[in-house]
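These are my notes from going through the model. Each entry records what I looked up and what I found.

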Amino acid sequence: MIKSIVIAGVGGQGTLLASRLIGEAATLKNYDVKVSEVHGMAQRGGSVITYVRYGDKVISPIIPLGEADVLIAFEQLEALRWANYLKKGGLLISNTQKIDPMPVVTTKMEYPDDIVEFLNNRIDNCHFIDALEIAVKSGSSKAVNSVLIGRMARESEIEKEVWLQALNKIAPAKFIELNIKAFEAGYNYWI
Amino acid sequence: MKQLLLANEAVARGLYEAGVTVVSSYPGTPSTEITETASKYEEIYTEWAPNEKVALEVAATSAIAGARSFCAMKHVGLNVAADPLFTMSYIGVNAGFVIAVADDPGMHSSQNEQDSRYYAQASKILMLEPSDSQEAKDFTKKAYELSEEFDTPVILRLSTRVSHSQSLTSLEDRVNVPLREYIKNPQKNVMMPAMARVKHGLVEQRIAKQKEYAFGSDLNQMSIKNSKIGFISSGIAFQYALEALPDASYLKLGIVYPISEELLKKFAASVEFIYVIEELEPIIENACLACGIKVVGKELLPVTGEYSVELIRNRIFGDKPFSYMDGYDMAKIPKRPPVMCPGCPHRGLFHVLKKLKLTVTGDIGCYTLGALEPLSSMDTSICMGSGVSSLHGFNKARGDDYMKKCVGVIGDSTFIHSGITGLIDIVYNKGVGTVIILDNSITGMTGHQNNPLNGLDISNNPAKKIDLALLAKSIGIDRVRIIDPFNIEDSTNVIREEVNAMEPSLIIARRPCALLKTVKYKGLVEVNRDKCTKCRACMSIGCPAISFKNNQIEINASLCNGCGLCINVCKFGALNKKEEE
């Protein structure tokens, strides 16, 4: 078994912590794990994509196109941009938040207005969630990552206790309580 | 015990376990975390040097002086450090000396895509290449043994996907390696022609011995599971190839210089058809061709960019991956290039440079983003330090008068790295022109490293702080001005005055990076709808928090950090700070 999870978002949204959290949970389950991160220039508000793979034996840390079991998108446009990573039948969990990229800010291009509908039509296993609002209700807009991981955790074979254990290990000490609250809110989110 | 580590962290762990005591580096993505992690081990003296050349010289000489030592850099950093590198190949070591260089195929965070393996060939230095974190640690430790055994520096070649991928790594204890005796030996350590002629001959003998070693070394791995098809690879490309061709035989090179021809021949004798799968340059491929082995490499796979599992499958089998986006015009998706952060001090300065319609010679750092829309205020950017020397190039090509519409920009850390020499060139060679140092109190792009201008060392302990104004005076610049880049009016006036002064001038644009913990702006910005004329002047600064939606200016509260630059840009007083509750 190999599980491949792609995390896409905008630099600064906390995708790095999310991928490390999944990596830690999988390590606690004694899986072989590889996590590929993005540092440097792309972190400055650019489109950021990280990969987590775990299972019996992981070879490439980078997930091939069309082979991801799960795509977690922190932003709508990023869901659209990276949807080609999903395998047939794969799971998309996307934040409904929109962040305008510079070509939209400068009005050179338009932000597509039909992303939710388009992806819902194409992808059977597709879930949009207002993670920003849930994070704010949990105490901080910075906890979007824990909300989305919580939502994903409910669909995963890793037990909830393990996720919480990983969260305790990975989240900065000051923010553990906030992140647990946000994780729970995501985990229990139901339309 | 196994831990999930970045390969960069694993290299640092390898340094610790190998008993290394001296590390000197200059930050550079994707290599930075090696030195940052090393600095957390009390047993290792660690420092940020002003540039890679200094770092390599410090570490190399620590090895001569008897301590196992190390330095790390990105691929273009090795260009800066190339001078000592080549001669250290002749000198060799006393205690072990390892240089890590991290290449950046695909240019995630770099200005070019050069292949550092050519440096190993050119300088005749043994080079190892790991393909995951465990190997990164193991190869680092092995590199110290080989360095001492063959009396040579050893280069550890990394790449972005290895450096920045985490994988499970087993930890071992540190071996304390005592300081080796230092014995004065100019024949070995002073490279003048007479000594160097002898040493060059020894280097050639060393390569022959290393090739023999490479033939039997378990750093290279051969697996014959298929007599029809096989591949030769190294580093991260090996992982992609193994996943794409799981049933093929393979030769995985851990020693990428020197390559053992006998080993290539042994593999070729066991397999009918061989692919060479290596990112960037055809180095393994050329080694195969040179000893008469027929392989397929760059005729099938590109020299440019990163490889991937699907690329290899596509080129070899013609496979096309499944996609939910089939038939969708991906060009309709707006790109999301990196941008200056909300609150970035560079934004104010580039806004002014754009307004003044200046020709701007640029440099390497977060501020290179000033070249992109809507600021669009950079004409050139070549390498570290070029912001200053390129200004002089414009001066000498187009005359002194052109300097009235020209400035050079450079970051604080970059100025120390290699901008000082350019500035001296301007003064010494009777140049005119205005250099602006963007002093944001930190080395920003690489993720916040201290430098000789911010008064802190690598461990956040107090350090001497260079006084830029005094430095400028001492090299002969009489005009030094300090501005706050968020004070648009003053910045505009000062820059206008300085470019018109027909002598060298230095402006220090001082405001700390918005991501520093010490920087806290109070209150978010809101739009006064009654005053807003929808002129969109506030959008010209390219702040990601400001957009024009539903026919009005909107401030994205989750992005705004309250820096207030946009308030200074609005002529109608339509932007204000929200009152704190």
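Which residue just after α13(B) takes a positive phi? I found B:Gly292, with a phi of about 80 degrees. Helices and strands here are DSSP runs numbered from the N terminus (helices H or I, at least four residues; strands E, at least two).

Ground rules. I am working on a predicted model, in which local features need pLDDT of at least 70, side-chain atom pairs count only at pLDDT 80 or more, and totals for chains, interfaces and linings use all residues. Residues are numbered from 1 along each chain as its sequence is written, and chains are lettered from A and ligands numbered from 1 in the order in which they are written.

Helix α13 of chain B. I looked up the buried residues of α13(B), residues 283–290, and listed B:Ile283, B:Ile284, B:Glu285, B:Ala287 and B:Cys288. Buried means 20 or more other C-beta atoms within 10 Å of the residue's own, with C-beta atoms placed from the backbone. Their cover includes α6 (117–123), β10 (229–233), α12 (261–270) and β13 (273–277) of chain B.

B:Thr32. I located B:Thr32 in helix α2 (residues 32–38) of chain B. B:Thr32 is buried because 27 other C-beta atoms lie within 10 Å. Leaving aside neighbours within four places in sequence, B:Thr32 is in contact (C-beta atoms, placed from the backbone, within 7 Å) with B:Pro27, B:Thr446 and B:Gly447. I also noted 9.4 Å between the C-alpha atoms of B:Thr32 and B:Ser163, which are 131 residues apart along the chain.

Cores. A nonpolar core is a set of buried Ala, Val, Leu, Ile, Met, Phe, Trp, Tyr and Cys residues joined through C-beta atoms within 7 Å. The largest has 98 residues, of which B:Leu15, B:Ala59, B:Ala100, B:Leu156 and B:Ala241 touch the most other members. Helix α11 (residues 235–244) of chain B gives this core its largest share, seven residues. Another core, of 67 residues, lies apart from it and includes A:Leu71, A:Trp82, A:Leu91 and A:Leu92.

Contact between the chains. I read off 46 residues from chain B and 50 residues from chain A. On the side of chain B that touches chain A, β8 (165–170), α11, α14 (309–317) and β21 (546–549) each supply at least two residues. That side has 24 nonpolar, 15 polar and seven charged residues. Ala, Val, Leu, Ile, Met, Phe, Trp, Tyr, Cys and Pro count as nonpolar, Asp, Glu, Lys and Arg as charged, and the others, Gly among them, as polar.

Technical notes
A residue is buried if 20 or more other C-beta atoms lie within 10 Å of its own, exposed if 12 or fewer, and partly exposed in between; C-beta atoms are placed from the backbone. Two residues are in contact if their C-beta atoms, placed from the backbone, lie within 7 Å.
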